Amino acid sequence: MTGSTRRATVSRHTKETAIDIDLDVDGSGAVVVATGLPFFDHMVAQLGKHGGFDLTVTAKGDLDVDAHHTVEDVGIALGQVLAQALGDKAGIRRFASMSLPLDEALVEVALDLSGRSFLHYEVEPGREPLGTPPFDPQLAEEFWRAFATAAAITLHLRLRSGKNPHHILEASFKGVARCLRDAVCIEGGGVPSTKGTL
């Protein structure tokens, strides 16, 4: 966290991936995402745009093996940068939930910036790869698990209706983005917990 602004930068470099992320929670929705997976870029961009964050993500991974490491490690780094940018979370709203429609798809999202990592994922987008190079829709669950764990948040996603895998996944990412936008809002002066810390 830099000064009194809610901004952070994370670099995560392993033998499998090299990821750099810059996040400004109080941004304007300016987004640049480049992971080598255009469909995944489109999904991650929803988090910045609909979360109202300025977000820059660059990732290079072993896509010749498969997309798993890249997707999971972006989730880890994104969770880490969000946790750092929020700092002690003083004054935040903390909780948010919504049902987000995208054509025939309807996804319910609820989250708590709790300091406790938990993911409940009841979304079945199918197994047909999306985009070129192909993105396996099943990897979305790995992304959300990595993100929720690294950010130390409680996150529930549940599919209520939907057939088109693109619509289902995009509704999921937009729903989380809008919930994050609400949950990080400053509406008080203290940490919103009877424990005094999150």
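Close-up 1. The structure holds one cavity of 30 Å³ or more. For a cavity, take a 1 Å grid over the protein atoms alone and keep a set of points where a 1.4 Å probe fits but cannot get out; points join across faces, edges and corners, and the volume is the space filled by probe spheres set on them. The largest cavity comes out at about 70 Å³. Its lining is made up of Leu23, Leu47, Phe53, Leu55, Leu78, Leu82, Phe147 and Leu180, where lining residues have an atom within 4 Å of a point.

A word on the model and the numbering: residues count from 1 along each chain as its sequence is written, and because this is a predicted model, local features need pLDDT of at least 70 and side-chain atom pairs count only at pLDDT 80 or more, while totals for chains, interfaces and linings use all residues. Side-chain values use heavy atoms, with hydrogens and water left out.

**Close-up 2. The four-stranded open sheet.** Here the strand order is β1-β2-β4-β3, with mixed pairing. Strands (E, at least two residues) and helices (H or I, at least four) are DSSP runs numbered from the N terminus, and two strands pair if DSSP finds at least two bridges between them. At the edges sit β1 (7–13) and β3 (31–34), each pairing on one side only. Neighbouring strands are turned by 5° against each other on average, direction ignored. Such angles run from 0 to 180 degrees between N-to-C directions of axes, which are lines fitted to C-alpha atoms, for helices over the stretch in contact.

**Close-up 3. Both ends of the sheet, strand by strand.** β1 and β2 are antiparallel and share seven bridges; a hairpin of three residues links them. Look for Ala8, which stands opposite Leu23 in β2. Over at β3, four bridges tie this strand to β4 (residues 54–61), and the two run parallel. Val32 faces Thr56 in β4.

**Close-up 4. Two helices on the sheet.** Helix α1 (residues 38–51) packs against the sheet by touching β3 and β4, with its direction at about 155° to that of β3. Helix α2 (residues 68–86) touches β1, β2 (17–24) and β4, and makes about 35° with the direction of β2. Contact here means heavy atoms within 4.5 Å.

**Close-up 5. The largest nonpolar core.** This core has 60 residues, and the ones with the most contacts inside it are Leu113, Phe143, Trp144, Leu155, Leu157 and Val176. A nonpolar core is a set of buried Ala, Val, Leu, Ile, Met, Phe, Trp, Tyr and Cys residues joined through side-chain atoms within 4.5 Å. Helix α4 (residues 165–183) supplies the largest share, nine residues. Leaving aside residues up to four places away in sequence, Val176 touches Leu47, Val109, Leu111, Trp144, Leu155 and Leu157.

**Close-up 6. Ser172 in helix α4.** Ser172 is buried, at a relative accessible area of 0%; buried means under 20%, with a 1.4 Å probe and protein chains only. Its contacts, not counting residues up to four places away in sequence, are Val107, Val109, Val123, Trp144 and Leu157.

Close-up 7. Thr132 and Pro133 are joined by a cis peptide bond, omega about -5°, and Pro133 belongs to the loop between β7 (118–122) and α3 (139–151). Arg94 has a positive phi, near 80°, in a residue other than glycine. Arg94 lies between α2 and β5 (95–102) and is buried, with a relative accessible area of 8%. Ala152 also has a positive phi, near 55°, in the loop between α3 and β8 (154–161).

Conventions
Buried means under 20% relative accessible area, exposed over 50%, partly exposed in between (1.4 Å probe, protein chains only). On a 1 Å grid over the protein atoms alone, a cavity is a set of points where a 1.4 Å probe fits but cannot get out, and a pocket is an open set with protein on both sides within 12 Å along at least five of seven lines; lining residues have an atom within 4 Å of a point.
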